[in-house]
Amino acid sequence: MRSLIGACLIAPFGALAAHAADSALTNALTDSGRPPLELARDGARKPEAVLTFAGLKPGAAIVDFIPGDGYYTRILSKFEGPKGRVYALVPATTQPVPARKAALEDLKKGGDGFLPVDAVLTLGDMTGYANITVTWQPLTIMGAQFALPEQVDAVFSIDGYHTLHGKDSGKLDMKAVTKVIFQSLKPGGVYVVADATAAKGAG
């Protein structure tokens with residue numbers, strides 16, 4: 001009898017939680033603030049499948065690690081809702097001042113002139129995305145750095161992990177970085193990484 005009662009209590013709760021996540025995901029993907037360029041990427045990036053696989057829940061504290069232009073930062077902000085928190089953590093280059101100068105040179109040549117942190121800083125200032133906090137920090141301080149104001153429910157990194165092995169990231173101790181990332185998680189938290197490798201000959 002006890003196990004039957006337990007099943008009766010757990011099943012509706014699980015169904016309600018799943019419905020809340022489905023509803024939050026639908027709201028995030030149909031957010032009117034999403035620009036057409038980002039909507040056009042959905043077919044290839046499959047954000048619905050990615051977030052469903054990750055098992056994220058509304059109202060959680062999430063890190064969008066290496067957020068790029070903020071494609072997932074925007075989605076995560078709306079998915080987590082007003083009770084949730086999204087930390088867009090952008091790894092700083094080993095030499096931020098030269099990086100800024102390079103961005104200015106790019107602007108002069110007709111490029112967008114943005115550093116990776118600029119896009120999410122802009123997003124964090126927009127109405128409707130108040131739950132986003134942007135942090136731009138080198139990962140190499142004291143051996144490894146991943147500083148947050150709280151332990152989080154998930155660290156989420158999509159299509160950016162490979163950049164940690166690029167020349168602009170300096171000589172990262174990836175074992176040390178991974179260790180501090182796991183230390184930033186609450187017990188039971190998840191670290192979600194999705195990345196791609198180029199086909200042979202594709203560069």
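Predicted model: local features only at pLDDT ≥ 70, side-chain atom pairs only at ≥ 80, totals over all residues.
Me: How many helices and strands does the chain have?
Reply: The chain has seven helices and five strands. Helices (H or I, at least four residues) and strands (E, at least two) are DSSP runs, numbered from the N terminus. In order from the N terminus, the elements read α-α-α-β-α-β-α-α-β-β-α-β.

Me: How much of the chain is buried?
Reply: Of its 203 residues, 37% count as buried. Buried means under 20% relative accessible area, exposed over 50%, and partly exposed in between (1.4 Å probe, protein chains only).

Me: On to the sheet. In what order do the strands come?
Reply: The order is E3-E2-E1-E4-E5, in an open sheet of five strands with parallel pairing. Two strands pair if DSSP finds at least two bridges between them.

Me: Which strands are at the edges?
Reply: Strand E3 (132–137) and strand E5 (185–194) are at the edges; each has a single partner strand, so one side of each has no neighbour in the sheet. On average, neighbouring strands are turned by 20 degrees against each other, direction ignored.

Me: What does E2 pair with?
Reply: E2 pairs with E1 in the parallel sense over five bridges, and six bridges join E2 to E3, also parallel. Ala88 in E2 stands opposite Asp64 and opposite Val134 in E3. Strand E2 (residues 85–91) is mostly covered, with six of its seven residues buried.

Me: Which strands does H7 lie across?
Reply: H7 lies across E1, E4 and E5, and runs at about 130 degrees to E5. Such angles run from 0 to 180 degrees between N-to-C directions, and axes are lines fitted to C-alpha atoms, for helices over the stretch in contact.

Me: Now H4. Is it enclosed or open, and why?
Reply: H4 is largely enclosed by the rest of the structure, because nine of its ten residues are buried. Among them are Arg74 and Glu80, as well as Tyr72, Leu76 and Phe79. Gly81 follows H4 and has a positive phi, near 75 degrees.

Me: How do H2 and H4 cross?
Reply: The axes of helix H2 (residues 36–45) and H4 come within 11 Å and cross at roughly 95 degrees. The two helices are therefore roughly perpendicular to each other, a label for angles of 65 to 115 degrees; under 35 counts as roughly parallel, over 145 as roughly antiparallel and the rest as oblique.

Me: Which residues meet there?
Reply: Glu38, Arg41, Asp42 and Arg45 in H2 meet Tyr71, Tyr72 and Arg74 in H4. By class, this contact has two nonpolar, no polar and five charged residues. Ala, Val, Leu, Ile, Met, Phe, Trp, Tyr, Cys and Pro count as nonpolar, Asp, Glu, Lys and Arg as charged, and the others, Gly among them, as polar.

Me: What about the largest nonpolar core?
Reply: It has 24 residues, and those with the most contacts inside it are Leu51, Leu56, Tyr72, Leu76, Phe79 and Phe156. A nonpolar core is a set of buried Ala, Val, Leu, Ile, Met, Phe, Trp, Tyr and Cys residues joined through side-chain atoms within 4.5 Å. Helix H1 (2–29), helix H3 (47–54), helix H4 (71–80) and strand E4 (152–158) each give two or more residues to this core. A second, separate core of 19 residues includes Tyr87, Phe146, Val152 and Val177.

Me: What does Leu76 touch?
Reply: Leaving aside neighbours within four places in sequence, Leu76 is in contact (heavy atoms within 4.5 Å) with Leu51, Leu56, Ile62, Asp64, Val86 and Phe156.

Me: Last topic: where are Ile66 and Asp159, and what is their phi?
Reply: Ile66 lies in the loop between strand E1 (61–65) and H4, with a positive phi of about 60 degrees. Asp159 is in the loop between E4 and helix H7 (174–183), and its phi is positive too, near 60 degrees. Ile66 is buried at 12% relative accessibility, whereas Asp159 is partly exposed at 39%.

How values were computed: Residues numbered from 1 in each chain as written. Heavy atoms only, no water.
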